[in-house]
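Here's a quick briefing to read with the model open beside you. Take it topic by topic, and find each residue as you go.

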Amino acid sequence: MILEIVSPEAVLFKGEVISVTVPGTNGEFQMLNNHAAIVSSLGKGTVKFETTTANFSKEASAKFTKENSTYSLAINSGTLEMNNNKAIVLVD
């Protein structure tokens, strides 16, 4: 699946991922390939995604932490749209 993480300043990440975990306002949830279409508001927490290839700009890479093949980004709030195997996460 394709994941795109966008902040007001820039696109922080865009690439192929294995899974995405987000902090929904009613609790954390995960999406894998071929997940049903969904729109959700996000609360304070961490967006996590697993990928084998990650390309970040120098500015964006400082915002992420990495453990094995999982990258994490702390957010205050946001919105998620998942449709046709593409997840777009707007973060604040």
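**Charges, then the rest**

Let's start with charge: the chain has 7 positive and 9 negative charges, and their mean positions lie 4 Å apart. Here Lys and Arg count as positive and Asp and Glu as negative, while His and the chain ends aren't counted. Each charge is placed at NZ of Lys, CZ of Arg, CG of Asp or CD of Glu.

Before going on, know that this is a predicted model: local features need pLDDT of at least 70, side-chain atom pairs count only at pLDDT 80 or more, and totals for chains, interfaces and linings use all residues. Residues are numbered from 1 along each chain as its sequence is written, and side-chain values use heavy atoms, with hydrogens and water left out.

**Overall build**

- Reading along the sequence, you get β-β-β-β-β-β-α-β-β-β-β.
- The C-alpha trace spans about 30 × 25 × 20 Å along its principal axes.
- The radius of gyration is 12 Å, which agrees with the value near 12 Å for a compact globule of 92 residues. That radius is taken over C-alpha atoms, and the globule rule is 2.2 Å times the number of residues to the power 0.38.
- Of contacts (heavy atoms within 4.5 Å) between residues at least 6 apart in sequence, 54% join residues at least 24 apart.

**Surface and core**

- The accessible surface is about 5,300 Å², and 47% of that belongs to carbon and sulfur atoms. Such areas come from the Shrake-Rupley method with a 1.4 Å probe; for residues, only the protein chains shown count as cover.
- Buried residues make up 38% of the 92 in the chain. Buried means under 20% relative accessible area, exposed means over 50%, and partly exposed is in between (1.4 Å probe, protein chains only).
- In soluble globular proteins, nonpolar side chains tend to be buried together.
- Here, the largest nonpolar core holds 22 residues, and Leu3, Ile5, Val20, Phe49, Phe64 and Val89 touch the most other members. A nonpolar core is a set of buried Ala, Val, Leu, Ile, Met, Phe, Trp, Tyr and Cys residues joined through side-chain atoms within 4.5 Å.
- Elements giving two or more residues to this core include strand 1 (2–6), strand 2 (11–16) and strand 10 (86–91).
- Setting aside residues up to four places away in sequence, Leu3 touches partners including Phe13, Val20, Phe49 and Val89.

- Thr21 sits in strand 3, and it counts as buried because its relative accessibility is 12%.
- Beyond residues up to four places away in sequence, Thr21 touches Glu28, Phe29, Gln30, Thr46, Val47 and Lys48.
- Gly45 belongs to strand 6 and is partly exposed, with a relative accessible area of 21%.
- The C-alpha atoms of Gly45 and Gly27 are 9.8 Å apart, and these residues are 18 apart along the chain.

**Two asparagines with positive phi**

- Most residues other than glycine have a negative phi.
- Asn34 has a positive phi, near 65°, and it lies in the loop between strand 4 (27–32) and strand 5 (38–42). At 66% relative accessibility, Asn34 counts as exposed.
- Asn85 also has phi near 65°, and its place is the loop between strand 9 and strand 10. With a relative accessible area of 24%, Asn85 is partly exposed.

Technical notes. Helices (H or I, at least four residues) and strands (E, at least two) are DSSP runs, numbered from the N terminus.
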